[in-house]
Each structure stands twice: as C-alpha cells, then as structure tokens.
Amino acid sequence: MPFEPVMVAVAGGSAEATAQAAEKLGWAHAEAGWKRLLDRDDVQIVDICTPGDSHAEIAVAAPAAGKHVLCEKPLANTVAVAEAMAAAAKEAAARGVRSMVAFEASG
C-alpha cells in the first residue's frame, strides 16, 4: 500500500476506560469524547463504531471537519437520518473527503 495506517487516537465517554482501552489495544492516544478527534491534525480517518443512535452526529461532523469516515453498521436508525448522512458525505466528497459504510461478508 502507498501508506501505512497508524492507530493515532481512540475516543470514548469515560477518560479512564478509554485510556485503558488505548493501552490494551495499541492506540497512541486516548481522548475523552469523539469531538476531540476532529481537532487533531494527526487524525485523518474516523471509524464510527459507537451505538447506532449516535452515528449520524459523528458522520455529519467528521467530514465537515475534513476527516474521512468509516461508519460501522447499522448506518442509521431511520431513512431520513441516513439521507442526511448521505447528503453530508456527498458535500464532503466534493472537497475530496470520503465516507463509507463497513460491510463484512461472513462465509
């Protein structure tokens, strides 16, 4: 690959639990809250693996901040929310920022 991904920062609701997860899983930094990821220059991609009801807020804010997005399933809880997320992704794509949904085939 032309680049090597680096696990820069993980975010969570509890500072202590997130720091423990970062250490256990090999993340370089831990942030208390996903919004802090958007302010980091060393974060280019945000993987949204939160509960489904919080996907939309992150999936709209991250590309607006210039971060590429990988959103885990389910994308959204309603069609209207999914459409808003798709509109935000389309707007960001015009600036070269990409968004996608993670699908894993089991077999």
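Helices (H or I, at least four residues) and strands (E, at least two) are DSSP runs, numbered from the N terminus. His55 lies in helix H3. The model is predicted, so that local features need pLDDT of at least 70 and side-chain atom pairs count only at pLDDT 80 or more, while totals for chains, interfaces and linings use all residues. Residues are numbered from 1 along each chain as its sequence is written, and side-chain values use heavy atoms, with hydrogens and water left out.

His55 is buried, with a relative accessible area of 1%; buried means under 20% relative accessible area (1.4 Å probe, protein chains only). Contact means heavy atoms within 4.5 Å. The table leaves out residues up to four places away in sequence.

| Residue | Residues in contact |
|---|---|
| His55 | Ile48, Thr50, Cys71, Glu72, Lys73, Pro74, Leu75 and Met85 |
| Ala9 | Trp27, His29, Glu31, Leu37, Arg40 and Val43 |

**The nonpolar core**

A nonpolar core is a set of buried Ala, Val, Leu, Ile, Met, Phe, Trp, Tyr and Cys residues joined through side-chain atoms within 4.5 Å. The largest one has 13 residues, and Ala9, Ile48 and Cys71 are among those with the most contacts inside it. Two or more residues each come from helix H2 (35-38), strand S3, helix H3 (55-64) and strand S4 (68-71). H3 gives the largest share of this core, three residues.

How values were computed:
Buried means under 20% relative accessible area, exposed over 50%, partly exposed in between (1.4 Å probe, protein chains only).
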